[in-house]
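These are my notebook entries on one protein chain. I set down what I looked up, entry by entry.

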Amino acid sequence: MQLLDKFTFVDRRSCEWTSPKHFVIDGATIPPFLWQIAGSPYVTDFRCASVIHDYFVLTEYRDQHKQTHQAVDQMLYEARLADDLPEWKAKLIAGFVHAFNKLQI
C-alpha cells in the first residue's frame, strides 16, 4: 500500500513522527501463524502505528532519523495505545517487536 498523504503521530513528549506522502508500506509485520490472534498485516488494531514504525526502522531511512530502536519501539507502544489497543496487548506486542529486533541485529 502507498500513503496518499503524510501520516503523523505525536507521542507523549510532543515529538512528531511522520511517514511521508507516497511511502510504501507492507502492513504490520506479523508472522502468518499469529494472524488468528493478532490479525493480518493490513487489518490489525495497530495498523496506524505500524505505518510510522516501518518508516523509522527500514534500513534505507533509519540513518536519516537519528532515532534509536528503543525510541522507535517506545513510539510504537504509545501509538498502539492511541489506536485504542488494550495496554496488556500493547505490552505483549512490544515484547514480540523487541525480540524480533534482537534477531535482526
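**Entry 1: A nonpolar surface patch**

I began with the surface, where Trp88, Leu92 and Phe96 form a nonpolar patch with about 370 Å² of accessible area together. I note that the model is a predicted one. Tryptophan 88 belongs to helix α5. I looked up its relative accessibility, which is 61%, so tryptophan 88 counts as exposed. For background, I recalled that in soluble globular proteins nonpolar side chains tend to be buried together.

**Entry 2: The chain as a whole**

I then turned to the overall layout. The protein chain contains five helices and two strands, and from the N terminus on I read the order of elements as β-β-α-α-α-α-α. Of its 105 residues, 39% count as buried. I found an accessible surface of about 6900 Å² for the chain, with 58% of it belonging to carbon and sulfur atoms. I also checked contacts between residues at least 6 apart in sequence: 44% of them join residues at least 24 apart.

**Entry 3: The largest nonpolar core**

Which residues have the most contacts inside the largest nonpolar core? I found 21 residues in this core, and those with the most contacts inside it are Phe9, Trp17, Ile52, Phe56, Val72 and Met75. Two or more residues each come from α2 (47-57), α4 (69-82) and α5 (87-104). The largest share, six residues, is given by α2.

I took isoleucine 52 as a case to follow. Not counting residues up to four places away in sequence, isoleucine 52 touches Phe7, Thr8, Phe9, Trp17, Thr18, Ser19 and Met75.

**Entry 4: Helix α4**

I looked up the span of α4 next. This helix has 14 residues and reaches 20 Å from its first C-alpha to its last, close to the 20 Å expected at 1.5 Å a residue. Its buried residues are Val72, Asp73, Met75, Leu76, Tyr77, Glu78, Ala79 and Arg80. After α4 comes aspartate 84, with a positive phi near 70°.

Is glutamate 78 buried or exposed? Its relative accessibility is 10%, under the 20% limit, so I record glutamate 78 as buried. Glutamate 78 sits in helix α4. Leaving aside neighbours within four places in sequence, I found glutamate 78 in contact with Phe9, Asp11 and Arg12.

One of these contacts is a salt bridge: the side chains of arginine 12 and glutamate 78 meet at 3.1 Å, N to O. The pair links distant parts of the chain, with arginine 12 in the loop between β1 and β2 and glutamate 78 in helix α4, 66 residues apart. Arginine 12 has a relative accessibility of 67% and therefore counts as exposed.

**Entry 5: The other salt bridges**

I counted three salt bridges. Arginine 13 forms one with aspartate 11, where the closest N and O atoms are 3.1 Å apart. Arginine 13 is exposed, with a relative accessible area of 57%, whereas aspartate 11 counts as buried at 6%.

Lysine 91 pairs with glutamate 87, and here the closest N and O atoms are 3.4 Å apart. Both lysine 91 and glutamate 87 lie in helix α5, four residues apart, about one turn of the helix. I recalled that an α-helix has 3.6 residues a turn, so residues three or four places apart point the same way. Glutamate 87 is partly exposed, with a relative accessible area of 44%.

Last, I checked backbone angles. Most residues other than glycine have a negative phi. Serine 14 is not a glycine, yet I found a positive phi of about 70° for it. Serine 14 lies in the loop between β1 (7-10) and β2 (16-19), and with a relative accessible area of 59% it is exposed.

Aspartate 84 likewise has a positive phi of about 70° although it is not a glycine. I located aspartate 84 in the loop between α4 and α5. Its relative accessibility is 68%, so aspartate 84 counts as exposed.

Technical notes. Residues numbered from 1 in each chain as written. Predicted model: local features only at pLDDT ≥ 70, side-chain atom pairs only at ≥ 80, totals over all residues. Heavy atoms only, no water. Core = buried A, V, L, I, M, F, W, Y, C linked by side-chain atoms within 4.5 Å. Buried < 20%, exposed > 50% of the residue type's maximum accessible area, 1.4 Å probe, protein only. Contact = heavy atoms within 4.5 Å. Patch = residues over 30% accessible without salt bridge, like charges linked within 9 Å, V, L, I, M, F, W, Y side chains within 5 Å. Areas by Shrake-Rupley, 256 points an atom, 1.4 Å probe, with all protein chains shown as cover. Salt bridge = Lys/Arg side-chain N within 4 Å of Asp/Glu carboxyl O. Expected span 1.5 Å × (residues − 1).
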